[in-house]
Amino acid sequence: MYTNKVVVVTGASNGIGRAIATEYAKLNALVIAIDIEEYNFENKNIIFYKADLKDEKIIRDIFEDVVKKYKTTHILINNKSIYDITLSEFDEVMDVNLRGSFICSQEFIKANQDESYGRIVNIASTRFNQNEAGWESYGASKGGLISLTNTMAISLSNTPITVNAISPGWIETQDYEGLSESDHKIHPSGRVGKPKDIVNTCLFLTYDENDFINGCNIIVDGGMTKKMIYD
């Protein structure tokens, strides 16, 4: 399905990003994995680039190198996030979560311009709408990412590129076996989410025949945002 497709994944060294990069590589895509933290991927279909998404020049240089070597890009998964939510870090959070995604999208659009197929998937969060004290910058950045998704879908309507967002809820990326029964039971689906749940949604949105899904934000949270919760 993804043979000969070039897939760019940011935040690819850990958690959801690593799962996304690994799955596309298993499906024979060439994956461009970007992260500030180095990770030694065993799959030879994954090419790693070290980059800080706050650095515009590095991002643009990476895309230039990718196009030079591989001619094009087909899919962009804007996944990178940071979670430091103190007020003093507000600008940094916005730069990585929102500005970095915008720069990657700009470069992806240029690289994809001669293609008949293109997909951008922005990994947002249910925190765009449901939050808790102290998460102002993270929630605002993810809300901005969804708004960016909506606008880009319209701006790119004269291209084959669709732009959609995924808002994960609780996706446990480390100690799934250590979760309690109550952790699972609070979810209407009966369990806490796994990275595979987000991977599956990415694969669905980037399938070449799914070109009528555009400008959407798909919430993947086991139904938690539909549940009325009181302390």
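User: Over the ring of which residue does the charged end of K194 sit?

Analyst: Please keep in mind throughout that this is a predicted model. The charged end of K194 lies 4.8 Å from the centre of the ring in question, and a contact of this kind is counted when NZ of Lys is within 6 Å of the ring centre.

User: Which residue lies over the face of Y39, and at what distance from the ring centre?

Analyst: Y39 counts as partly exposed, with a relative accessibility of 33%. The residue over the face of its ring is R18, and the distance from the ring centre is 3.9 Å.

User: The rings of Y39 and F41 also form a pair; what kind of pair is it?

Analyst: The two ring centres are 4.8 Å apart, and the planes of Y39 and F41 stand at 75° to each other. Planes over 60 degrees apart fall into one class of aromatic pair, and so the pair of Y39 and F41 is edge-to-face.

User: Is F41 buried or exposed?

Analyst: The relative accessible area of F41 comes to 12%, and the cut-off that matters here is under 20%. F41 is therefore classed as buried.

User: How many aromatic pairs does the count come to, and how far apart in sequence are the parts that Y2 and Y24 tie together?

Analyst: The count comes to three aromatic pairs. One of them joins Y2 and Y24, whose ring centres are 5.0 Å apart with the planes at 80°, so this pair is edge-to-face. Y2 belongs to the segment before β1 and Y24 to helix α1 (residues 15–26), so the parts tied together are separated in sequence by 22 residues.

User: Are Y2 and Y24 buried or exposed?

Analyst: The rings of Y2 and Y24 form the edge-to-face pair with centres 5.0 Å apart. As for their accessibility, both residues are buried.

User: Turning to charged pairs, how many salt bridges does the structure hold, and what is the closest N to O distance between D52 and K54?

Analyst: The structure holds 14 salt bridges, including one between D52 and K54. D52 is partly exposed at 21% relative accessibility, and K54 is likewise partly exposed at 30%. The closest N and O atoms of this pair are separated by 2.8 Å.

User: How many residues apart are R99 and E56, which are joined by a salt bridge?

Analyst: In this salt bridge the closest N and O atoms lie 3.4 Å apart. The pair links distant parts of the chain, since R99 is in helix α3 (residues 90–111) and E56 is in helix α2 (residues 56–70), and the two are 43 residues apart.

User: By how much does α3 bend at R99?

Analyst: The end C-alpha atoms of α3 are 31 Å apart, which agrees with the 32 Å that its 22 residues should span. R99 is partly exposed, with a relative accessible area of 33%. At R99 the helix α3 bends by about 35°.

User: Why are E107 and K110 separated by about one helical turn, and what is the N to O distance in their salt bridge?

Analyst: An α-helix has 3.6 residues a turn, so residues three or four places apart point the same way. E107 and K110 are three residues apart in helix α3, and this places them about one helical turn from each other. E107 is buried, with 6% relative accessible area, whereas K110 is partly exposed, with 49%. Their side chains meet in a salt bridge with an N to O distance of 3.0 Å.

User: Which residues are linked with R99 in a network of salt bridges?

Analyst: The bridge between R99 and E56 belongs to this network, as does the bridge between E107 and K110. Together with R99, the linked residues are E56, R60, E107 and K110.

User: How many disulfides does the structure hold, and how far from C104 is the nearest cysteine sulfur?

Analyst: The structure holds zero disulfides. C104 is buried at 0% relative accessibility, and its nearest cysteine sulfur, which belongs to C202, is at a distance of 15 Å.

Conventions. Residues numbered from 1 in each chain as written. Predicted model: local features only at pLDDT ≥ 70, side-chain atom pairs only at ≥ 80, totals over all residues. Heavy atoms only, no water. Salt bridge = Lys/Arg side-chain N within 4 Å of Asp/Glu carboxyl O. Buried < 20%, exposed > 50% of the residue type's maximum accessible area, 1.4 Å probe, protein only. Helix = DSSP H or I, 4+ residues; strand = E, 2+ residues; numbered from the N terminus. Expected span 1.5 Å × (residues − 1). Bend = angle between axes of the 7 residues up to and from the residue. Disulfide = S-S within 2.5 Å. Phe/Tyr/Trp six-rings, centres within 6.5 Å; stacked < 30°, edge-to-face > 60°. Lys NZ or Arg CZ within 6 Å of the ring centre and 35° of its normal.
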